[in-house]
Every structure is written in structure tokens, then in C-alpha cells.
Amino acid sequence: MSAPAPSPLAIVDAEPLPRQDEVLTDAALAFVAELHRNFTARRDELLTRRQDRRAEIARTSTLDFRPETAEIRAGDWKVAPAPAALNDRRVEITGPTDRKMTINALNSGAKVWLADFEDASAPTWENVVLGQLNLIDAYERRIDFTDPGSGKSYALKDADQLATVVMRPRGWHLEEHHLQFDGRPVPGALVDFGLYFFHNAQRLIDLGKGPYFYLPKTESYLEARLWNDIFVFAQDYVGIPQGTVRATVLIETITAAYEMEEILFELKDHAAGLNAGRWDYLFSLVKNFRDGGAKFVLPDRNAVTMTAPFMRAYTELLVRTCHKRGAHAIGGMAAFIPSRRDAAVNKVAFEKVKADKDREAGDGFDGSWVAHPDLVPIAMASFDAVLGDKPNQKDRLREDVSVAPGDLIAIDSLDAKPTYDGLVSAVQVGTRYIEAWLRGLGAVAIFNLMEDAATAEISRSQIWQWINAGVVFENGEKATAELARKVAAEELAAIRAEIGEEAFAAGKWQQAHDLLLKVSLDADYADFLTLPAYDQLVG
């Protein structure tokens, strides 16, 4: 397909960035314009459909496998075989696409790097454009980095030692206000996907790999169908074979958990697997069942481990579904950030990470995520012990797994309650994360954990749910807006004392405090915290 001339209505509304012309070429912008014209209207329809589904859940307080797709679930079909570069995914590292992280992630020893333009990246125009540039530079082997503080230099290892990149664009709900065609902003997902695919699809093929993607926040098989149509269009547009693109879908919404087989079916020729994303999944549970009464009230987020019955149902169904259809099943995140000063903290945390990864490998997962290079060897050992020389364990069909519809939403099967300390923690983490996000940082180390936007979403959603459900904590205090404001004010004062007046004034602390309270206390629950936050980010 010949590329059309760039649209005269293309508007890049941002201050120029260094080397941006290497990313925002006329040909690349023309491709993004074609994606926008062909697919944005369908994206809009699917966002409306999400609202309809949510209204239905509010009425019924239940979910079920879809009757209209029963034939797909009963059918005998498989996804396309994995390409060689994605056949062994036993450890994947995640992180944003800044220059230092790009080098460290590729060098980490992990099999895959999730190069993240989504929850681990605050979508400033600088992060959007320069992140693309960093990936191009990495594939061209012209990337290096010298830390201005330590003077330490970073450079890529040999090509056969580098992780395979699986890039994650933004979710469907976010617009990119700095790039407009035909008088409206382009969906962030199409900007991220379009620029990356256009510049790198052939480069990656030449390297023996391909354009591989993680698809975030999918809520239905119809959203997977949209992505599949985008892949078909994009491959034709640049003239590469159909099936070159591969996509792994994050099952991080409760509605998608009921449509896993259908999602794989829609992406059949382009499907690489499914992933179990913990924090966004819990956020989705709270969001969808927030007015469902006491039995849907989630306890403190740290009390909801992957061994909770409803989380076991979700992960085991995911493994069974993937292996039944020949796809990879990828486990959840180990978010611990090792301490350079406290060996005792590290020892306890490393033991927890090992137990978590041992469980996943034992359950049949083909790989799992870590947030820090120091965790790669721990996760690798867990999967090596089960896989040995095999690249995956897709032959483990897990036919012993049987999950009823109600099992996935049996939150009241967990013997834990919200606590006052849980409220304090939600306020602390939410405030600290949002403040960093408003400064352009999406992956933030807080209390020895690498947190991303999903963390802030579950934090503010739990505050909202506990208040609206009238939760009474173990100390006798009731969850109220007044209590949340009191805890938030105390946290703001504690941060000011901790970092000093000058650093406090230089940050975005008051804005973060105000935004957290707004999305936690407003009667009209915001679908995504990042929507009002993005308005502040772009000013």
C-alpha cells in the first residue's frame, strides 16, 4: 500500500524536542493519521460500550461467561505458534523507556523487556517522543548513557544477550493532546503503536524478531477485535507478512477475565499469550462492583495475595485457557526494589519473591514479571527448576482446573477486612505516586516497591469504596470523607517534615494531595485517575 501524503490538518502542539524530527517524520505522521481515520470512531464506540457494561453490573452485581460466544469456547482451535524470539519468556522485566532504563532492561538477563508507554510512564510529550527515539537508538545500537550524578556509563551488551522487546502502548481511554488530526486529539494508543510500528517493524524483522506488543486494560473481546484489525491494516500498510505482529493481552480487568478465550480467538493469528496483572485487576473489581454491597468490599491491598481464592480462580483459569489454545501464560509482577543499605529487608523480600515465582512456575505459568534487574536471577531460578531446557510448559493443559462464574468475584471468600493502617497506606502511596506522576515519572520506588499508575488506582478506589460502603475499621473509626481528609493532611505534613521546605515547595505535593482527595471523595467516581491527572500534566 502506498503511503498517502501527510494530512494538512496534522497539528503537533508542543515545544520542539531534541531529534524529534527522527520520530515525527511526515511518513510516520501520515501512518498515524490513517490509523486515526480508520479506527478512532470504533474506539469511541467501544468506550461507550464499557459504560453500558458497567451499568449492567451495577444493576445485577454479577458477571457470567458470555452465552453468545459459547461456540468459540467449545471450538477446537489454537493461536498461531510463537515466533522463536517469544518462545521462551520465563522472566520478563518491566519499565519505562527512558535512556538508562532502556539499556539496563535490555542488559538485565531477562528474556523479555516490557518497554512501557503505559502505567510505568507518565505521558508527557517528552516521554512519548523521546521514549520512541530511545528504542530506535537501541535497535540501531547507538544508545549509551552516562549518569550525571555518579559518572557511571551504560552501554548495550552483545545482541544475543539482549532481552526481546514487547512494547506496551497506552490504554484506549487516553487521548494524546499534543497530536491532532482532523480537529481532534489522536488516541494515545494509536500514537504509541503507530510511531513504534512504523519506525521499527522492518528493523525488528531484520534483527530476527518482530513488532511485539502488550495490550493493556482490555475489557472485552470486541476491543481485541479492534486491535486485530489495526494489526492487519498496519502490516499491509508497510508491506510485511500478516502474522508478523504478536500481541500479549493483559487480563487486568474483571470483564476480560470472563472473555479470555474469545480475546485469544479474535487475535488468533497475532496472539502471543495472556498476562495476569494484579493491581489493575483489583482496581477493576472495585470499579465495577463498587456499589455491590458489603460482599464486594476489598480489604487492604496487601492482604489480597495471589493465594486468595478469587485470585487463584483467575490465575488458574488463565493458565488453563492459554495452554488449551497454545498461548503463553505470563504471571504477575514482583515489584520489590532491593535496598542497598538493609540486607535483612532484602532477605525477607527475596524469600517472598521466590515463593511467589515458585508458585507461578508450579501452577503452569510459562514466565513472570519482575521490576528490578536484581530479581531476574531469583525468578529465573524458579522457572529453570520447572522448565529445565524446555522453553515453556504449554503442554501442561491444567485440565484439573474448573472455575465457575461466581468464583472470579467471590471477594467475600477472603478472610480479611479493611484496616485503618490500610487507609493510611492508601493515602501515603497515592499521594507519593501522583506527585511523581505529575512531574513526569510513571515508575516510582515507594517504600521499597516499584509502583505504577495501577497502584494509585487501587489506592484511591479503595478509599472511595470504604467510605461509600460505610466501613468501620478495627479501631472503631468509620471510613468517612472527613477521616480521609485528616489522614491526607497528616501525610502532607509528614512529607514536608521528611523532605524539607525547599524540596516540598519544588514538588507537586499540594496538587497531588488535592487530586487524590478529589478522585477518592467525589460522588461521581472517575473511571480513571489518569484522565484528570493528564489534564494537569499537559496544563
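**A helical turn and its charges**

Author: Glu-316 and Arg-312 both sit in helix 10 (residues 309-324), and because they are four residues apart, about one helical turn separates them. Before going on, the ground rules: this is a predicted model, so local features need pLDDT of at least 70 and side-chain atom pairs count only at pLDDT 80 or more, while totals for chains, interfaces and linings use all residues. Numbering starts from 1 along each chain as its sequence is written, and side-chain values use heavy atoms, with hydrogens and water left out. Helices here are DSSP runs of H or I with at least four residues, strands are E runs of at least two, and both are numbered from the N terminus.

Back to that turn. Glu-316 and Arg-312 form a salt bridge, with 3.3 Å between the closest N and O atoms. (A salt bridge means a side-chain nitrogen of Lys or Arg within 4 Å of a carboxyl oxygen of Asp or Glu.) How covered are the two partners? Glu-316 has a relative accessible area of 17% and is buried, whereas Arg-312 comes in at 22% and counts as partly exposed. The labels go like this: under 20% relative accessible area is buried, over 50% is exposed, and partly exposed lies in between, with a 1.4 Å probe and protein chains only.

Arg-312 has another partner to look at. It also forms a salt bridge with Asp-363, where the closest N and O atoms are 2.4 Å apart. That pair ties together distant parts of the chain, since Arg-312 belongs to helix 10 and Asp-363 to helix 11 (residues 343-363), 51 residues apart. Asp-363 is buried, at 10% relative accessibility. Follow the shared partners and you get one network of salt bridges joining Arg-312, Glu-316, Asp-356, Lys-357, Arg-359, Glu-360, Asp-363, Arg-398 and Asp-400.

The structure holds 56 salt bridges, so let me show you another one. The side chains of Arg-142 and Glu-22 meet in a salt bridge at 3.8 Å, N to O. This one links distant parts of the chain too: Arg-142 is in the loop between helix 4 (125-139) and strand 4 (144-146), Glu-22 is in the loop between strand 1 (11-12) and helix 1 (26-60), and they are 120 residues apart. Arg-142 is partly exposed at 39%, and Glu-22 is also partly exposed, at 34%.

Leu-285, in helix 9 (residues 278-288), touches Phe-310, along with Ile-254, Leu-408, Ile-409 and Ile-411, leaving aside residues up to four places away in sequence. Contact here means heavy atoms within 4.5 Å. Leu-285 is buried, with 0% relative accessible area. Its C-alpha atom lies 5.8 Å from that of Ile-254, a residue 31 places away along the chain.

Now the strands. All six of the six residues of strand 11 (residues 271-276) are buried, so strand 11 is largely enclosed by the rest of the structure. Strand 10 (residues 246-251) runs parallel to strand 11, with five bridges joining them; among these, Leu-250 has Asn-275 of strand 11 as its bridge partner. Strand 11 also pairs in the parallel sense with strand 12 (residues 328-334), over three bridges, and Leu-274 finds its bridge partner there in Ala-329. Two strands pair if DSSP finds at least two bridges between them.

Elsewhere, an open sheet of three strands has the order 1-7-8 with antiparallel pairing. Strand 1 and strand 8 (184-187) stand at its edges with a single partner strand each, so one side of each has no neighbour in the sheet. Strand 7 (residues 175-181) and strand 8 run antiparallel and are joined by four bridges, including the one between Glu-175 and Pro-187.

The chain has 18 helices and 15 strands. Its radius of gyration is 22 Å, close to the 24 Å that the globule rule gives for 539 residues, so it is as compact as a globular protein of that length. (The radius is taken over C-alpha atoms, and the rule is 2.2 Å times the number of residues to the power 0.38.) Buried residues make up 59% of those 539 residues. Among contacts with a separation of 6 or more, 78% come from residues 24 or more positions apart.
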